[in-house]
Amino acid sequence: MQNSPQEIKLLQSCINDLMSVLALPAIWSGGDSSQVVIALLDALVSMLRLDFAYARFLEIGNGSETEVLSLAKGQTTSLLPRDVGLTLKERLTVSSPTSPALVPNPIGEGEVFIAPLRLGLHDEIGFLVAASKRRDFPTRSETLLLRVAANQAVVGLQEAKLLGGQRRAAEELERRIADRTSQVRAINAELVREIGERERAEEALRVSEERFRRYFDLGLIGMAITSPDRGCLEVNDELCRILGYQRSELLQKNWAEITHPDDFAADLAQFQRVVAGEINGYSLDKRWIRKDGRIIDSIMAAKCVRRADGSVDYFVGLVQDITERKQAEQSVRTARERVDMILNSISDNFFSMDRDGRFTYFNKHAADQMRSLGKDPDALIGKVAWEEFPDAPNKDSFHRVLSERVVVADELYYAPLGEWIENHIYPSNDGGLVTFQRYITQRKLTEEELHKTQAELAHVARVTTLGELTSSIAHEVNQPLAAIVTNGQASLRLLSRSKPDIDEAREALESMIADSLRASKVIKRVRALLKKTGLAKSTLNINEAIRDVIALTNEELKRNRVSLVTELAEDLPMVIADRIQLQQVILNLIINANDAMTLPASQIRELLVRSETAGPDSLLVTVKDTGIGLDSNHHERVFDAFFTGKEGGLGLGLSISRTIIEGHGGRLWATPNEGPGTSFQFLLPTGVENQ
């Protein structure tokens, strides 16, 4: 039977398609399930000119369903494979027939013929659907081709499953190998780290041992390694030096043998606590007995090294020789005790403060004083002085000593004690201060009595001196009185005339008034010198005081033919002084000079009285005579009380004069002239701040 060319052509096309389908495993070889299905669907769509091909199958390995859709070239759809699967769901159930059927086109308009194919003997793999709008779809050859393709898909999926299992097994093996390798690497890294740490620990231990050995051998401190039975295992040179033994000798000793008996019990008690595990080390002050019998003071520290079971392997002991320090401390204690004894033996109150004004020390007398003021001297230590005694009258003195580092002495009346006290405040080397304080109430009373006595003597001296000037004073008074009588008689005559001369009478009366004032001034000067008064300082001009005295002595000087020369500087600064006392000094010096020039041996009789400045803060008064001068044997005694070179003299004038000048902060002295006579000079400070 002959076939038509058309049938032959179809048969050849079918054979070609079958060959193409059979060749598909070469394409998807080694691929996974999805690659197998996609390659098959694309081939079927192309070979059979399908509108689309759809497949749903179980993914090998995880058992999940996978849907794949392949469209004809040129066709597009917004639907996903699962949307197409939902449309075809009724045709893809187990009970659905596998024959071709006409269904609505799920990816476009119209209807399509579908050929469903089950994958696997019991549909355990899935479904494959080929769809075409051709009315003759599927032809017998196409059905054959689809079945062959389905079988190929099943074979391919089985191979993919097998290959996937192998791949998963290989991957699992690789994963396990990788995990094991990672573990081995981690273990290796840990071993490397541990080896490194051990090497570093060994190196640190070696360095530590070397350092310990250097310290041990360096000899900065005595060191020993001892056993739990108190024997010496190793000692360094410094410990041998401290204890006076050779190294070989010391290694034969145990520390109990060379410990001072009085310190053994305390050391042993601590040692036993370490052995019992209560502590790992201890330190204490300890005395040792040297080989030569001397006692060594030390600070000893011991530290134990324990075995793994906690028992003591050995001890490391450190011994620092503090014998010299102990001796120095004892010397300091002895010195302090000696200082305390000295300070407590003095009659003064002694106390000290630090740089902040805090009390640091009271001697016995100062402590008694604090108690009398209601204060506990022990509680005052460390307290600020002016906070505890805010009303102290000399706080400024303490502040000045602390800030300016100068010595200050003051006298003051302290009402809470009812006593006059004298303070001598000195800066101390530590930045603070020390104060010596004594009660001077009795001295003040004595000084007051002395001042009264001196005032009495000064008054006697003034009266005596004025007694020597009786004739001169009488002359000074008689002159104006005689002038008053004369002018009074003249006034009577002028007024008795028939034509009284009023102008002449007025002039005579004015002269009478002037003479009466002159006589009154003389009497006032004399009364002032004779008056017994207390000290009354005021501002005065030294030249005026000199001129008043000269007015009283001028007639006496003339009577003795003494030539008086005055050189009184102008614009002298004022002084603060008692006018009467200062005039008494000047009067005494002028009278002494006059007396020295009335003796027969004195040929030239000249008296110089000079005033002048002597620096910015003082002035100088000089009384210079040309008398017989001072006896060189008695030069230093002229200012002694009751020493006199005049017959009938009291010997108080110069002594009182010096006391007066010194009481004004000045100085009085005598100097032999280059020619005849002596110069008496006194220096006085100027200005209120000097008084």
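Is E197 buried, partly exposed or exposed, and at what relative accessibility? E197 counts as partly exposed, at 36% relative accessibility, where buried means under 20% relative accessible area, exposed over 50%, and partly exposed in between (1.4 Å probe, protein chains only).

1. Basis of the note. This is a predicted model, in which local features need pLDDT of at least 70 and side-chain atom pairs count only at pLDDT 80 or more, whereas totals for chains, interfaces and linings use all residues. Residues are numbered from 1 along each chain as its sequence is written, and side-chain values use heavy atoms, with hydrogens and water left out.

2. A search of the whole structure finds 25 salt bridges, a salt bridge being a side-chain nitrogen of Lys or Arg within 4 Å of a carboxyl oxygen of Asp or Glu. In one of them E197 meets R193, at 2.3 Å from N to O, and these two residues lie four residues apart in helix α4, about one turn of the helix. R193 is partly exposed, with a relative accessible area of 36%. Helices (H or I, at least four residues) and strands (E, at least two) are DSSP runs, numbered from the N terminus.

3. The side chains of R175 and E172 form a salt bridge of 2.2 Å, N to O, and both residues lie in helix α4 (residues 140–218), three residues apart, about one turn of the helix. R175 is partly exposed, with a relative accessible area of 41%, and E172 also counts as partly exposed, at 26% relative accessibility.

4. E329 and R325 form a salt bridge in which the closest N and O atoms are 3.5 Å apart. Because they are four residues apart in helix α8 (residues 323–345), E329 and R325 are separated by about one helical turn. E329 is partly exposed at 30% relative accessibility, and R325 is partly exposed with a relative accessible area of 42%.

5. Aromatic pairs. Rings of Phe, Tyr and Trp (its six-membered ring) pair if their centres lie within 6.5 Å, and planes under 30 degrees apart count as stacked, over 60 as edge-to-face and the rest as tilted. By this rule the count comes to twelve aromatic pairs. One of them is formed by F351 and F359, which are edge-to-face at 6.0 Å centre to centre, with 75° between the planes; both F351 and F359 are buried. F359 also pairs edge-to-face with F389, at 6.4 Å centre to centre and 85° between the planes. F359 lies in strand β12 (residues 359–362) and F389 in the loop between α11 (385–388) and α12 (395–404), so this pair ties together parts that are 30 residues apart in sequence. F389, like F359, is buried, and F351, F359, F362, F389 and F398 form one aromatic cluster.

6. Charges over rings. A charge sits over a ring if NZ of Lys or CZ of Arg is within 6 Å of the ring centre and within 35 degrees of the ring normal. The charged end of K375 sits over the ring of F389, 5.5 Å from its centre, and that of R667 sits over the ring of W669, 4.1 Å from its centre.

7. Backbone details to check by eye. The peptide bond from F137 to P138 is cis, with omega near -5°, and P138 is placed in the loop between β5 (126–132) and α4. R405 is not a glycine, yet has a positive phi of about 55°; R405 lies in the loop between α12 and β13 (408–414) and is partly exposed, with a relative accessible area of 31%. D571, also a residue other than glycine, has a positive phi near 55°. The place of D571 is in the loop between β17 (563–568) and β18 (575–578), and D571 counts as exposed, at 80% relative accessibility.

8. Helix α17. Helix α17 (residues 579–596) has 18 residues and reaches 26 Å from its first C-alpha to its last, close to the 26 Å expected at 1.5 Å a residue, the expected span being 1.5 Å times one less than the number of residues. Of its 18 residues, 15 are buried, so α17 is largely enclosed by the rest of the structure.
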